[in-house]
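We will go stop by stop, with a note on what to look for at each one.

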Amino acid sequence: MAKTLAEKVWESHLVRVGEDSAELSEPDLLYIDLHLVHEVTSPQAFEGLRLAGRRVRRPDLTLATEDHNVPTKDVELPIADEVSRTQVETLRRNCAEFGVPLYPMNHAEQGIVHVVGPQLGLTQPGLTVVCGDSHTSTHGAFGAMAFGIGTSEVEHVLATQTLPLRRFKTMAINVTSADGTLRPGVTSKDVVLAIIAEIGTGGGQGYVLEYRGNVIENLSMEARMTICNMSIEAGARAGMIAPDETTFEYLKGRGHAPKGAEWGEAVATWRQLRSDDDAEFDAEVDIDADALTPFVTWGTNPSQGLPLSERVPDPATIADENERIAAERALAYMGLTAGTPLREVSVDTVFVGSCTNGRIEDLRAAAEVIKGRKVADGLRMLVVPGSMRVRFQAESEGLDAIFTAAGAQWRSAGCSMCLGMNPDQLAPGERSASTSNRNFEGRQGKGGRTHLVSPLVAAATAVRGTLSSPEDLD
Amino acid sequence: MEPFSTHTGIGVPLRRSNVDTDQIIPAVYLKRVTRTGFEDGLFSAWRQDEHFVLNAEPFRRGSVLVAGPDFGTGSSREHAVWALMDYGFRVVISSRFADIFRGNCAKQGLLAAQVAQPDVELLWKLLENEPGTEITVDLREKTARTNGASGLTVAFEIDDYTRWRLLEGLDDIGLTLRHAELIDQFEAARPARLPRTV
């Protein structure tokens, strides 16, 4: 029978098929190939193991890094926030006790967990990857089935290297354009924001999304990761892209990628990892990429987005009562007036970074826009590489000098202002253009107002001081 | 986990859709390494508004939350479930739950009861017109019934396996370890080229 990519990966990881009876249908039991761990969602899981007298079944399939809490400046000093420091130290103790490898602050491989896994070559096609973090969907860009889990599930995977799961439904998202490219100034971030605006924050619930079509095929691995990363913002636990030459090229030679004869064997297997031509999806969505322009969010959930060329919407025109109330609340929280052109919305802070857009290509794109220009007066711009490797790479290319010459702050690696668990936060009422993934109320700091944007829009906005795209610059 | 069969408590109308887990508990409360004491973080930004429903009697003593669609979206933080339970909630009713949040509820014994949106609207009106109305949630029957003059009964949906686990109070890791031999067999057959982190 014809199968989708998601079904193939699922079936190759079945430890046990759940029994189905009239009264009870059990979930399947799936083997997990890679378990990524960070300091925030793991302490209670390790404590659970300790209380039950259990060990970590496969420390060699588990990797921890410090990312959410870590400061991005003065990183050689102890963490000033005592509670954050305790959480990071707890991870170090747990990893030592249970034998889990860890990349701590200041290690050359430290960084955001979803940036670290791929750059080490650990994230590979056809694997099952989990992490106590909803943006684990990022790793689906390699044709892995990757999804976020809660702390109880973290404990479950640590103890058993498996998870009981119900089969997901499958949704094909076909992104196409006449020549397979995106228009100038349009990035994969704009594509995924447009997809979320189209299907809504709940549209992907219960589904694995498979992104396909000529536009997806022409994207780099980094651009693919940006799209898969935000699958969760459409409610889908996982998003996947079939591996191809671009994937193999990215992986070849990376530390944990197969070597020698095993490389050829692996690639031959990976080539099978695509949805069969006559495979049926439970749902399909078509996106016309020729119609896409730079996209920004205006509200407090990621589906509340519009092309930058539009105006702040008028809630009175929204038919659905719940959505209308949500839009009214969002405008009040965001301090926006219906009808204002989005290009006239002024911004206090620009954040470039996160597991969505904190990779080297993202920094290159932002640097190219800002090179030779200045950050607008009174505006703060933070550039936070997604990992130490990204930081070193950027510095070797001189990107740090471009950013600092423009008046931006060049920082060390971590999640930073995406969620403000470290000192990088918005003040109440402060407005940001952010390359991160969530514009929820208070996400970047209590009372902070977030507009989600691409790295290109972020950099142009930093120069003009209002939401802008590179074409708005002289 | 404590078995769950029925629960009766004051219903709290939360007329908001897309209640994300950053609203349920902001990231600043996630720095703790303990498993309890998260009630202070629950809806902490909204609770600073004196008109927020949980700041009014009798709702502040509520234990059955009735919320708008797409409850629990966003971050995978199980802290959202801990905060709701530490505050005293035992049941959340909504017409649509985010997947990870629903899974986390099932692990902790917080009942996520999926009810059709028109029924949510009926419950909201009733709870607002008669504050303090108690709701009895019966997991065996899969119903939520308001106690009082109105006597509204609505049906809810829940995955049958989750329902069974909650009724029995069973722990997932224990259930999985019944199949330890199958895990051993699967592991022994995995190709040697698959990546290791060490």
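Start by selecting strands β1, β2 and β8 of chain A: in that order they make an open, antiparallel sheet of three strands. Strands here are DSSP runs of E with at least two residues, helices are runs of H or I with at least four, and both are numbered from the N terminus. Two strands count as paired if DSSP finds at least two bridges between them. β1 (14-16) and β8 (162-165) of chain A are the edge strands; each has a single partner, so one side of each has no neighbour in the sheet. From one strand to the next, the twist averages 40°, where axes are lines fitted to C-alpha atoms (for helices, over the stretch in contact) and angles between N-to-C directions run from 0 to 180 degrees.

A word on the ground rules: this is a predicted model, in which local features need pLDDT of at least 70 and side-chain atom pairs count only at pLDDT 80 or more, while totals for chains, interfaces and linings use all residues. Residues are numbered from 1 along each chain as its sequence is written, chains are lettered from A and ligands numbered from 1 in the order in which they are written, and side-chain values use heavy atoms, leaving out hydrogens and water.

Now zoom in on β2 (residues 28-31) of chain A, which is joined to the antiparallel β8(A) by four bridges. Click Asp28(A) to find its bridge partner in β8(A), Leu165(A).

Next, show chain B and pick helix α7 (residues 180-188). This helix of chain B lies across β1, β2 and β8 of chain A, at about 155° to β1(A).

That brings us to the interface. Select the contacts (heavy atoms within 4.5 Å) and you will have 77 residues of chain A and 61 of chain B. Together the two chains bury about 5,700 Å², 54% of it on carbon and sulfur atoms; buried area is the accessible area (1.4 Å probe) that two parts lose on being put together, summed over both. On the chain A side, Gln44(A), Gln205(A) and Asn322(A) lose the most area to chain B, together 10% of what that side buries.

Which residue forms a salt bridge with Asp60(A)? Select Arg196(B): the closest N and O atoms of this pair are 2.5 Å apart. The interface has ten salt bridges by the rule, which asks for a side-chain nitrogen of Lys or Arg within 4 Å of a carboxyl oxygen of Asp or Glu.

Six bridges pair β9 (residues 169-176) of chain A with β12(A) in the parallel sense, and Val175(A) stands opposite Ile287(A) in β12(A).

For the last stop, select Ser303(A), in the loop between β13 (295-297) and β14 (305-307) of chain A. Beyond its neighbours within four places in sequence, Ser303(A) is in contact with Ile196(A), Ala197(A), Gly200(A) and Thr201(A).
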